[in-house]
Amino acid sequence: MPRIRKKTSKRGTTHQREKLKHKVPQGRKKAKKEVQNTQDAGITHKKSKKDLGIPNIFPTRIKCSRKSQSHDAAEEKQRRKDETRAALAGLEEH
């Protein structure tokens with residue numbers, strides 16, 4: 001099907017461009033203000049801070065991280081053992 005008329009350009013005037021430059025920050029400011037008001041009213045929850053772990057300036061950082069890694073590794077090893085035992089027990093029953 002042939003086109004009936006030419007596509008219009010998306011180019012805007014300087015006035016429109018400047019108007020947008022002025023309105024965008026206002027809209028963002030308004031949205032931030034609304035979020036703040038809802039948080040203060042208790043309607044929404046504030047974003048929880050994520051756990052950063054052990055900071056680099058902590059004097060016994062290396063010891064702590066090694067202990068936690070070895071503890072995690074030991075738990076993982078024990079879990080695998082339990083799974084293997086359960087699987088073998090299941091095979092022996094049949």
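Glu 76, Arg 79, Arg 80 and Glu 83 are linked in a network of salt bridges. The model is a predicted one. Across the whole structure, the search returned 4 salt bridges. Side chains of opposite charge can pair when their charged atoms come close.

Glu 76 was examined with its two arginine partners. With Arg 79, Glu 76 forms a salt bridge whose closest N and O atoms are 2.4 Å apart. Both residues belong to helix H2, which spans residues 61-93. They are 3 residues apart there, so about one helical turn separates them. A second salt bridge joins Glu 76 to the side chain of Arg 80, at 3.6 Å from N to O. This pair also lies in helix H2. Here the spacing is 4 residues, about one turn of the helix.

Arg 79 has a further partner in Glu 83. The closest N and O atoms of this salt bridge are 2.5 Å apart. Glu 83 and Arg 79 are 4 residues apart in helix H2, and therefore about one helical turn lies between them.

Solvent accessibility was then computed for the linked residues. Glu 76 is partly exposed, at 28% relative accessibility. Arg 79 is likewise partly exposed, with a relative accessible area of 39%. Glu 83 has a relative accessible area of 46% and counts as partly exposed. Arg 80 is exposed, because its relative accessible area of 51% lies over the 50% cut-off.

Note on methods: Residues are numbered from 1 along each chain as its sequence is written. This is a predicted model: local features need pLDDT of at least 70, side-chain atom pairs count only at pLDDT 80 or more; totals for chains, interfaces and linings use all residues. Side-chain values use heavy atoms; hydrogens and water are left out. Helices (H or I, at least four residues) and strands (E, at least two) are DSSP runs, numbered from the N terminus. Buried means under 20% relative accessible area, exposed over 50%, partly exposed in between (1.4 Å probe, protein chains only).
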